[in-house]
Amino acid sequence: MSIEIKAPTFPESVADGTIATWHKQPGEACSADDLIVDIETDKVVLEVVAPEDGVIADILKGEGETVLSDEVIAHFTAGAAGSAAPATEAVAESTGDADKVGPAARKLIEENGLDASAIPGTGKNGGITKEDVQNFMKNGVPAPAPAAAAPVPAAAAPAAPSVNVAVGERVEKRVPMTRLRATIAKRLVEAQQNAAMLTTYNEVNMKPVMELRKQYKDLFEKTHNGTRLGFMSFFVKAATEALKKFPAVNASIDGNDMVYHGYQDIGVAVSTERGLMVPVLRDTDAMSLADVESTIADFGKRGRDGKLGMDDMQGGTFTITNGGVFGSLMSTPILNPPQTAILGMHKIQERPMAVNGQVEILPMMYLALSYDHRMIDGKEAVQFLVTIKDLLEDPARMLLEV
């Protein structure tokens, strides 16, 4: 039975997607729920799985091609994987080299005007993979063939020195920008061009939070089923209280309208291999420190595994980004449109500070608040940041809501 494999239904805010990676090739056996293909959108990578046991009959959209919502991208033949695979292998043996070239490899061959028959394949049944083409282009000669065919490429060996990397040669690698990274770049540039963005700075003494964390971290982890007490939950709760006092910082711009949100949905920037993602904590006013920490830990894990969904990143009224985990001492965060402000955390650094006329060594952190001056006056921005500073330097105030 033939089944159409379709792209997922994209939300209204996503126009189309790009085929990122085919994990299964035509003729390759699949079990139900096996990952077949990744589709990259402007916000997340969506996974398409096998509907049942069977094989991929053919692929209609190769890697790098654009697909629309619910568009057919492949055909799938349902049936026992063991019985479907041999038939496909027989076809592969009887057809020409063109049928042995995978979609991604074919695209690369066409773009560079290469001869497919000159490229040795290391894939199943001698199929040519994307890596085979890249090796061929890099080395300028066919990659080493299997042992049985070793004598064949011998004649090409003398040509290798003229194209291989010479001593001292500076190597460059050109990689197309992914859709996600291109979208991030576009949005960041638009944020700087379309907003009256500026940044105010302050510093916070992290000693009270660090002492509180040290005193209760073991009991906290034991009480909350292994959830570890970090610093981000304190910043989220402090930001939540400050947002309630300064609603303009919790607002967004929609055309000529200013939208004031009566709730606090705080996005937390998560760094992944595919780029920066900002999943959103919903209704942080109702979340405990443990809720915040466990949710952020889940976001981080799913971000690394490519499992964050559209719903995780929709909305958000304010954003927190933490460059301190990478060692940043100070930075200027860029707005996450249509939000009007973003808070930047940084590295905790011990510095000599004047306290009541005495010099003390304290663990200090620089805070940065970037904001849109069209919505937020400088006075509000500074007071907002000072409120966060005061709450962190006296954590009991967050619990007492004073």
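**Salt bridges and burial**

Reader: Is Arg-282 buried or exposed, or partly exposed?
Author: Arg-282 has a relative accessible area of 33%. Buried means under 20%, exposed over 50%, and partly exposed in between (1.4 Å probe, protein chains only). So Arg-282 is partly exposed.

Reader: What kind of model is this?
Author: Residues are numbered from 1 along each chain as its sequence is written, and side-chain values use heavy atoms, with hydrogens and water left out. Local features need pLDDT of at least 70, side-chain atom pairs count only at pLDDT 80 or more, and totals for chains, interfaces and linings use all residues, as this model is predicted.

Reader: Which residue forms a salt bridge with Arg-282?
Author: A salt bridge needs a side-chain nitrogen of Lys or Arg within 4 Å of a carboxyl oxygen of Asp or Glu. Here the closest N and O atoms are 3.8 Å apart, and the partner of Arg-282 is Asp-265. The pair links distant parts of the chain, 17 residues apart: Arg-282 is in the loop between strand S15 (280-281) and helix H8 (289-304), and the loop between strand S11 (257-260) and strand S12 (266-268) holds Asp-265.

Reader: What is the relative accessibility of Asp-265?
Author: Asp-265 counts as buried, whereas Arg-282 is partly exposed. The value for Asp-265 is 9%.

Reader: In the bridge of Arg-374 and Asp-372, how far apart are the closest N and O atoms?
Author: Arg-374 is partly exposed, at 48% relative accessibility. Asp-372 is buried, at 2%. Their closest N and O atoms are apart by 2.6 Å.

Reader: How many of the 14 residues of H7 are buried?
Author: Helices are DSSP runs of H or I, at least four residues, and strands runs of E, at least two, numbered from the N terminus. H7 (residues 232-245) reaches 20 Å from its first C-alpha to its last, close to the 20 Å expected at 1.5 Å a residue (1.5 Å times one less than the number of residues). Among its buried residues are Phe-234, Phe-235 and Glu-241. H7 is largely enclosed by the rest of the structure, because its buried residues number 12.

**Loop residues**

Reader: Which side chain makes a polar contact with that of His-261?
Author: His-261 is in the loop between S11 and S12 and is buried at 17%. Beyond four places in sequence, its contacts (heavy atoms within 4.5 Å) include Asn-250 and Thr-317. A polar contact is a pair of N or O atoms within 3.5 Å; within protein, one must be able to donate a hydrogen and the other to accept it, and residues adjacent in sequence count only if both atoms are side-chain atoms. At 3.0 Å, the partner of His-261 is Ser-252.

Reader: How long is the polar contact of Asn-336 and Thr-319?
Author: Asn-336 lies in the loop between S16 and S17. Asn-336 is buried at 18%. Besides Thr-319, Asn-336 touches Arg-187 and Val-278, not counting residues up to four places away in sequence. The side chains of Asn-336 and Thr-319 are joined by a polar contact of 3.4 Å.
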